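The following note is intended for a colleague who is meeting this structure for the first time. The points are numbered so that each may be checked in turn against the model.

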Amino acid sequence: MTDVASPLPLAVVGVPALASVLVLVSRAHPDVREAWTVLASLGTVAVVALLVADDATHVTPLGSLAGVDLALRADAGGLLFALLASTLWVATSLYSVGYVRGLGEVGQTRYFAAFAASIAATMGVALAADLLTLFVFYELLTLATYPLVVHAGDAAARRAGRKYLAYTLGGGVLALTGVLLVQVLADALAFVPGGIAGLSVADPTLARVAFGLLVVGFGVKAAVVPLHAWLPAAMVAPTPVSGLLHAVAVVKSGAFAVYRSVLYVFGPETASDLGVALPLAAVAAATMVLAALVGIRQDNLKRGLAYSTISQLSYIVLGVALLTPLAAFGALLHVVAHAFMKITLFFAAGVIYVETGEKYVSDVAGIGRRLPVTATAFAVGAAGLVGFPLVAGFVSKFHLVAGAAAAPSGVFVAAFLVAGLLKLLYFWPIVYVAFVGRSEGTDPASRHAFAPPHADTRTASGSHVPAVPVAADGSGPHPAVDPGDADSTRDTDRDVAGATGTDSASRWERPRGLETSASLLVPVVFTVGMAVLLGVVPTALPFWELAETAVEEVFG
């Protein structure tokens with residue numbers, strides 16, 4: 001493709017950045033504020049679509065910093081990430097309106113402004129033409145998402161925010177050191193498919209140090225073990241934010257930065273010659289399995305999904321580290337597939353919370369009777385994450401496993417298969433109890449099969465106390481903010497339920513009309529529909545062609 005100077009890459013970043021300002025200005029007019037959010041998300045998708053449709057590669061120079069030129073460049077890999085993030089921003093914007101209004105969230109203007117700023121930074125990461133530009137937007141993403149992590153404003157949110165900053169800013173320091181070392185060794189920072197030539201003749205020891213600094217620094221946001229602890233803690237954020245963190249912006253920016261570092265800074269040949277790819281692959285494989293093992297013990301639904309994300313992200317990192325075309329292609333496909341499937345699960349968890357106030361797996365037995373569409377979407381998304389056919393996850397994982405089989409060490413095939421089995425052990429009990437379990441907590445089928453017992457699910461006498469009933473419009477007596485993993489609200493909910501004498505057998509009765517508001521239900525249906533479409537006809541959308549082009553650029 002021919003590079004052409006163009007303002008379009010800058011527009012992709014600028015539209016959500018401008019929306020952030022307009023949201024703040026419209027603080028006194030909620031409808032206008034949210035209209036700016038939706039319009040900006042649609043505008044961002046439109047600009048990205050123009051770039052995807054053009055055969056030329058658009059470049060926007062951004063000046064220089066410390067003598068290094070900065071630029072945005074819309075190549076195939078960057079457009080894949082940008083198209084994914086902008087598409088899901090549309091769905092998340094609509095969902096957020098229903099979510100924050102349904103729960104009466106505080107700080108809604110700050111929420112929407114920070115959300116738009118986060119997308120702007122994500123677009124910058126996607127379209128960065130060099131390591132320094134990527135680093136700048138990578139750090140801006142940390143700052144933009146911090147208000148979302150601490151949105152609730154309580155002690156748990158502040159603790160999570162401190163941990164989030166400590167991990168991500170600490171990783172940023174390491175990444176910046178790696179960027180500077182690459183500049184010293186190669187006198188270049190621009191991404192080159194197949195790697196920067198100067199690194200292949202640089203001092204091998206220093207080159208290995210630079211590689212380690214980059215993958216560790218960027219690996220923090222990719223939640224590679226042992227750099228993952230911030231991610232489950234960040235579940236105190238509202239559910240749409242959890243979807244942003246886990247499906248689109250933060251964690252995918254980390255994985256994408258690792259992809260750029262391995263294949264566009266060092267390149268397959270140099271990474272193989274230095275012997276640095278195999279250790280990265282081993283860490284990623286261990287993360288896949290260990291995070292899945294921890295995940296199956298989680299009763300808090302969002303926390304369990306967080307550990308699932310940690311495991312799934314390492315599918316991407318491992319695919320890149322294997323240095324085979326098929327595995328790299330599968331990794332890029334999994335960036336997309338995981339995003340649609342995981343955001344579906346978070347959307348479904350949010351609907352459950354808005355409509356019922358429930359956030360624990362052990363409390364949602366039979367929820368499929370109350371929320372059939374939502375529960376079905378959750379089941380389909382879960383099946384895709386396990387790797388069942390006809391969902392996007394099967395397609396990406398098929399190529400990842402095939403790429404691992406083509407790699408020198410076939411042991412990584414076993415890692416993929418074991419991690420997939422552990423996903424099944426986590427998701428199947430949830431889906432089973434949601435559809436066929438009884439709501440009485442004394443029934444063994446009503447609890448997650450692997451979840452540890454929680455003292456706060458029982459009264460002093462040991463009997464289960466049912467959850468607080470909620471009206472069909474989501475206006476029932478649940479907390480005003482999503483407490484994530486904060487258990488302090490759980491006992492209060494139980495006490496209120498016990499005092500009202502709620503009949504647990506009748507609390508999942510179907511409401512009349514839609515099971516939840518259209519602004520919540522439509523995004524759920526859209527994202528799960530996309531996951532199925534990408535599983536049945538994976539070439540129907542531009543993601544497949546963009547992934548092919550990106551792999552061809554690197555491997556020929």
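1. Thr356 belongs to helix H14, which covers residues 325-356. This is a predicted model, and the remarks here and below should be read accordingly. Thr356 counts as buried because its relative accessibility is 5%, below the 20% under which a residue is called buried. A polar atom of the Thr356 side chain lies 2.5 Å from the backbone oxygen of Ile352. The side chain of Thr356 also has a polar atom 3.2 Å from the backbone nitrogen of Glu358.

2. Leu323 is found in the loop between helix H13 (301-321) and H14. Most residues other than glycine have a negative phi. Leu323 is buried, since its relative accessible area is 16%.

3. Ala223 also calls for attention to its backbone. The phi of Ala223 is positive, at about 60°, although the residue is not a glycine. Ala223 is placed in the loop between H8 and H9. With a relative accessible area of 0%, Ala223 is buried.

4. The loop between helix H8 (204-219) and helix H9 (230-233) also holds Pro226. Is the peptide bond from Val225 to Pro226 cis or trans? The bond is cis, and its omega is near 10°. Most peptide bonds are trans.

5. The charged pairs may be considered next. How many salt bridges does the structure hold? There are seven. Side chains of opposite charge can pair when their charged atoms come close. One of the salt bridges is formed by Asp31 and Arg101, with 2.7 Å between the closest N and O atoms. This pair links distant parts of the chain: Asp31 is in helix H2 and Arg101 in helix H3 (residues 76-103), and the two are 70 residues apart. Asp31 counts as exposed because its relative accessibility is 55%, and the cut-off for that class is over 50%. Arg101 has a relative accessible area of 42% and is therefore partly exposed.

6. Glu34 and Arg33 are joined through their side chains in a salt bridge, at 2.8 Å from N to O.

7. Asp75 lies in the loop between strand S3 (68-73) and H3, whereas Arg260 lies in helix H11 (residues 250-274), so the pair ties together parts that are 185 residues apart in sequence. Both Asp75 and Arg260 are buried. Salt bridges with shared partners join Asp3, Arg73, Asp75 and Arg260 into one network.

8. Gly107 is located in the loop between H3 and helix H4 (108-127). How far apart in space are Gly107 and His151, C-alpha to C-alpha? The distance is 7.5 Å, and the two residues are 44 residues apart in sequence. Gly107 has a relative accessible area of 29% and is therefore partly exposed.

9. The surface includes a nonpolar patch of about 750 Å². Phe388, Leu421, Leu424, Leu425, Trp428, Tyr432, Phe435 and Val436 make this patch. Trp428 is part of helix H18 (residues 411-436). Trp428 is exposed, since its relative accessible area is 52%.

10. A surface patch of negative charge is also present, formed by Asp54, Asp55, Glu545, Glu548 and Glu552. Asp54 is located in the loop between helix H2 (30-53) and strand S2 (57-65). Because its relative accessible area is 33%, Asp54 is partly exposed; patch residues must have over 30%.

Note on methods:
Residues are numbered from 1 along each chain as its sequence is written. This is a predicted model: local features need pLDDT of at least 70, side-chain atom pairs count only at pLDDT 80 or more; totals for chains, interfaces and linings use all residues. Side-chain values use heavy atoms; hydrogens and water are left out. Patches are made of residues with over 30% relative accessible area and no salt bridge: like charges are joined within 9 Å, nonpolar side chains (Val, Leu, Ile, Met, Phe, Trp, Tyr) within 5 Å. Accessible areas come from the Shrake-Rupley method with a 1.4 Å probe; for residues, only the protein chains shown count as cover. A salt bridge is a side-chain nitrogen of Lys or Arg within 4 Å of a carboxyl oxygen of Asp or Glu. Lys and Arg count as positive and Asp and Glu as negative; His and the chain ends are not counted. The place of a charge is taken as NZ of Lys, CZ of Arg, CG of Asp or CD of Glu. Helices (H or I, at least four residues) and strands (E, at least two) are DSSP runs, numbered from the N terminus. Buried means under 20% relative accessible area, exposed over 50%, partly exposed in between (1.4 Å probe, protein chains only). A polar contact is a pair of N or O atoms within 3.5 Å; within protein, one must be able to donate a hydrogen and the other to accept it, and residues adjacent in sequence count only if both atoms are side-chain atoms.
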